[in-house]
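Please read these points with the model open beside you.

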Amino acid sequence: MAEISLQFPDGNKKQFDAVATAKDVARSIAISLAKKAVAGKLDGQLVDLNAPLKHDGAIEIVTADGEDGLTVLRQTVAILVKAALKETFPEIQFGPEKGDADGFYVDTDKSDGQVSVDDLAAVSDRVSAMISQKAEISLEQLNQADAAKAVAGNPYEAKMVADSEATVFNFYTVNGIRVLSEGVSFDNAGAVKFFKLLSVAGAYFEGKSSNPMLQRIYGTAFYKQADLDADLQARQEARERDHRVIGNDLDLFFVDPKVGAGLPYWMPNGATIRRTIERYVIDKEVGDGYKHVYTPVLANLNLYKTSGHWEHYREDMFPPMDMGDGEMLELRPMNCPSHIQIYNHHIRSYRELPLRIAELGMMHRYEKSGALSGLQRVREMTLNDGHTFVTLDQVQEEFKKILTLIMDVYKDFNITDYSFRLSYRDPENTEKYFDDDEMWNRSQSMLKGAMDDLGLDYYEAEGEAAFYGPKLDIQTKTALGNDETMSTIQLDFMLPDRFDLNYVGADGEDHRPVMIHRGIVGTMERFIAYLTEIYKGAFPTWLAPKQVTIIPVSDDKYGDYAESLRKEMAAAGIRVEVDHRGEKMNYLIRDAQTHKIPYTLVVGEHEMADKSVSVRKYGEQQSETMAASAFVDEILKDIANYSRE
Ligand code: ATP
Ligand code: ZN
């Protein structure tokens, strides 16, 4: 009989029959290992415990401990879910399924209406029944031709089999129902301990919007109850912070793929938050010496040829519009070339430098449809962009000034969890970078010197600089613990060269300026997604779409008094409304809390008599009665104080 040679993780090699399975291999090491084994891993690929290994390679035995063990468990549950779905809906067809470190999913297409969350309980019960009956999960491996026959009639699986490079395909039979799986499985449902079906959402087949939309059923599974509980709690926390969920609940924005994936519509509430931030940013920047401009989102394609975007960034750009008369127009993916036009519109003198040009610049990037997510990743975005033109001597001072501005803004938004990364060129590979040693050496040491002068902690990353210059990235942590680059300061020696930028020096000669790209809060879209998550939708008063709601105890009796208060407050610039719905007071107060309105004022007979208000702050149980004028003073102070603690 043919033999195969398997290498163990410790380097030892051993011969086995070609038909030996991972279970046989485990048994040859120790019976206890065979009992614990849930799958094998041959050359890094998970293989079913009971499948003949057939070829030489590096073998590992996968047990319940660790990520691979979880993956096998989740793939097993995905198979049981498919079988349970087929029992419930015999006509159902499946697309891909996957189990991994995040959980599992199964893609489905049910011709007569789609699977919904309401179906999950019944499906879950059937899976539980298979587990308690210790149903056998038997493996059958088919070659490509036989697999194709087995899935004929299902367009999705037929395509998956046809496109696959695999030579064997795993089919599993449970309770007499056979399903194709791209994963591997336990051989008995009884080994599954704790699982949960979580949600259902649409997902295009193969992630392409030109393909049919399937219904994706999400779930997860664990070996221990405590792990499942912790995971469910973390998911709950993530849901409570998810800016897409909050955005919907608070009516901030929507994205509708029918009118354009990744192209958000800002509803009045979201628009109010955005307008408040935009005004704040412009005021801050103008106060710091920036000249704010407006420049077009469209430009002749040649502009992006000169800048190099067309050559290096084309994949992320929308295709050019051919106007039919030889003119090609392009939606800009970045604002830098536009600000260069502003610089170049006049002859510049050294006396004008540093010249700071800023804009809330709208730009378009063709992000992959699968990467789009709420406001976090969109295709049309508005960047808090700015470009400063300086002499090489001014780099350090300007860098400090920008950094100080950034940290000042962070304070106003109460952003405290951030770190600095200073990126240099790779000293071993200087030929990979824009060729000007003096610029690199002097500017890198100026950036480092600035960080030291400001007494900031930072880490240095050699080889992480852009081709065109060194940079500082400021990394923040999102509420869900992911790293995100919020702000950056990037030096650029290349664009001034490509666009032949000059200034007239004190010597009367032309000199090349250095360009500094800087973003403070990034794009409005991603920044507001971030804020929504860190604030859990409870925006500080200065940003809240509605800052005050006034609830009359009886609309008939005190509605007029409430209106008079509203007028007074609105005149002071406060965003306030009276709730005239006349519903039960407790209901209205609860509703105001659900909408996370910072201040709820209740007014009745007593308040009307002495021109006072009963104030309840968001998240507090107690209310306090105070003179209406005192309340106005308090809220104005609150607004002026931004989000500072
Ligand atoms: P990413 O790596 O996230 O794609 P990037 O490095 O391409 O971003 P930059 O070109 O530096 O981003 O863009 C500046 C800022 O624009 C980023 O810090 C980020 O805040 C924001 N941004 C980039 N792409 C998007 C997008 N698709 N949707 C929303 N904001 C974006
Ligand atoms: Zn730029």
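This is a predicted model: local features need pLDDT of at least 70, side-chain atom pairs count only at pLDDT 80 or more; totals for chains, interfaces and linings use all residues.

1. Residues are numbered from 1 along each chain as written, chains are lettered from A and ligands numbered from 1 in written order, and side-chain values use heavy atoms, without hydrogens and water.

2. The shell around ligand 1 (residues with a heavy atom within 4 Å of it) is made of R365, E367, Q376, R377, V378, M381, L383, T485, G522, T523 and R526. By class, three are nonpolar, four polar and four charged, with Gly counted as polar and Arg and Glu as charged.

3. Which side chain has an N or O atom 2.8 Å from a nitrogen atom of ligand 1? It is that of E367. Oxygen atoms of ligand 1 lie 2.9 Å from a side-chain N or O atom of R377 and 2.9 Å from a polar side-chain atom of R526. Taken alone, ligand 1 exposes 590 Å², and the protein buries 72% of that (Shrake-Rupley method, 1.4 Å probe).

4. An open sheet of three strands has the order β16-β18-β17, with antiparallel pairing; two strands pair if DSSP finds at least two bridges between them. β16 (298-300) and β17 (321-322) are the edge strands, each pairing on one side only. β16 is joined to β18 (residues 328-331) by three bridges, and A299 stands opposite E330 in β18.

Conventions:
A polar contact is a pair of N or O atoms within 3.5 Å; within protein, one must be able to donate a hydrogen and the other to accept it, and residues adjacent in sequence count only if both atoms are side-chain atoms. Helices (H or I, at least four residues) and strands (E, at least two) are DSSP runs, numbered from the N terminus.
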